[in-house]
Amino acid sequence: MDFSKALPINKPALWQLQQELMSEAEALFGTRDESKVIYQPDWHVDGPHIRYSANKDGAFAELSFAAQTNWRLAVYQLAHETVHLLDQHGGQQTILLEEGAAVRFSLDMMDKYGFSTAGLPSIRSYREALFLFNSLGAEPYKIMKNCRVGSLEFNGIDSAVLKSETKGLTSADIFKMLSKPKMR
Ligand SMILES: [Zn+2]
């Protein structure tokens, strides 16, 4: 991905980033729900978040307007939303562990593309989600992938799966990981 050729507002450039991020996400977390369509990312005053198509056959990321001319921000936001596009819950709230996976993935993608992650994530609930993801073990991606693939989707993960794939998590950790606070 060559960020010097065009700004994120250039649709083909942003689409290329979406495809690269999706292949990375699938490699780390398992294949996406292929019965659903991934549409071209767009922009919204309340972004970033996921927008479902009217008939819910698919979804796409809506990024904030500030990301239109800022690749660092575009990678941060789109990588996070890409994790939410793997399983499309149709608007249901996701487990906190999926938020943690999305935060960690976005930071790692920024690193990969050479952008600074200083000060991120800035919101406390996302820092807590990241902490929980990192506490899965020495190889959190691998553990998360096993849990997701074994449960068919992030939201299918339950405490029995987490206990079988991890060591030393307390019941309080597991309870928090599986909670569904209002986040996006
Ligand atoms: Zn999120």
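This is a short walk through the structure, one selection at a time.

**Before you start**

The model is predicted, so local features need pLDDT of at least 70 and side-chain atom pairs count only at pLDDT 80 or more, while totals for chains, interfaces and linings use all residues. Residues are numbered from 1 along each chain as its sequence is written. Helices (H or I, at least four residues) and strands (E, at least two) are DSSP runs, numbered from the N terminus.

**Stop 1**

Select β4, residues 58-63. As a general rule, side chains in a regular strand alternate between the two faces of the sheet.

- β1, residues 37-38, runs parallel to β4 and is joined to it by two bridges; look for isoleucine 38 opposite alanine 59.
- β2, residues 42-43, is also parallel to β4, again with two bridges; tryptophan 43 has leucine 63 as its bridge partner.
- β3, residues 49-52, runs antiparallel to β4 through four bridges; isoleucine 50 stands opposite alanine 61.

**Stop 2: the hairpin of β3 and β4**

Stay with β3 and β4, and select the five residues between the strands. For background, most residues other than glycine have a negative phi, and most peptide bonds are trans. Lysine 56 counts as exposed because it has 12 C-beta neighbours inside 10 Å.

**Stop 3: two cis peptide bonds**

Go to the loop between β2 and β3, where proline 48 lies. The peptide bond joining glycine 47 and proline 48 is cis, with omega about 5°. Then move to the loop between α3 and α4 and select proline 121. The bond from leucine 120 to proline 121 is cis too, with omega near -10°.

While you are in the loop between α3 and α4, click on alanine 118. Is alanine 118 buried or exposed? Alanine 118 is exposed, because 5 other C-beta atoms lie within 10 Å.

**Stop 4: helices α2 and α3**

Next, show α2 (residues 71-86) and α3 (residues 96-112). Two packed helices are described by the angle between their axes and the distance between the axes. The axes of α2 and α3 come within 8 Å and cross at roughly 145°. Axes are lines fitted to C-alpha atoms, for helices over the stretch in contact, and angles run from 0 to 180 degrees between N-to-C directions.

To see where the helices meet, select residues including Val75, Ala79 and Val83 in α2, with Ala101, Phe105 and Met109 among those in α3. Residues are in contact if their C-beta atoms, placed from the backbone, lie within 7 Å.

**Stop 5: the nonpolar core**

In soluble globular proteins, nonpolar side chains tend to be buried together. A nonpolar core is a set of buried Ala, Val, Leu, Ile, Met, Phe, Trp, Tyr and Cys residues joined through C-beta atoms within 7 Å. The largest one here has 38 residues, and Ala74, Val75, Leu78, Leu97 and Ala101 have the most contacts inside it. Elements that give two or more residues include α1, β4, α3 and α4. Which element gives the most to this core? That is α2, with nine residues.

Centre on alanine 74: not counting residues up to four places away in sequence, it touches Pro8, Leu14, Leu17, Leu63 and Ala67.

**Last stop: phenylalanine 65**

Finish in the loop between β4 and α2 with phenylalanine 65. Phenylalanine 65 counts as exposed because it has 11 C-beta neighbours inside 10 Å. Leaving out residues up to four places away in sequence, phenylalanine 65 touches Trp43 and Val45.

How values were computed. Two residues are in contact if their C-beta atoms, placed from the backbone, lie within 7 Å. A residue is buried if 20 or more other C-beta atoms lie within 10 Å of its own, exposed if 12 or fewer, and partly exposed in between; C-beta atoms are placed from the backbone. Two strands pair if DSSP finds at least two bridges between them.
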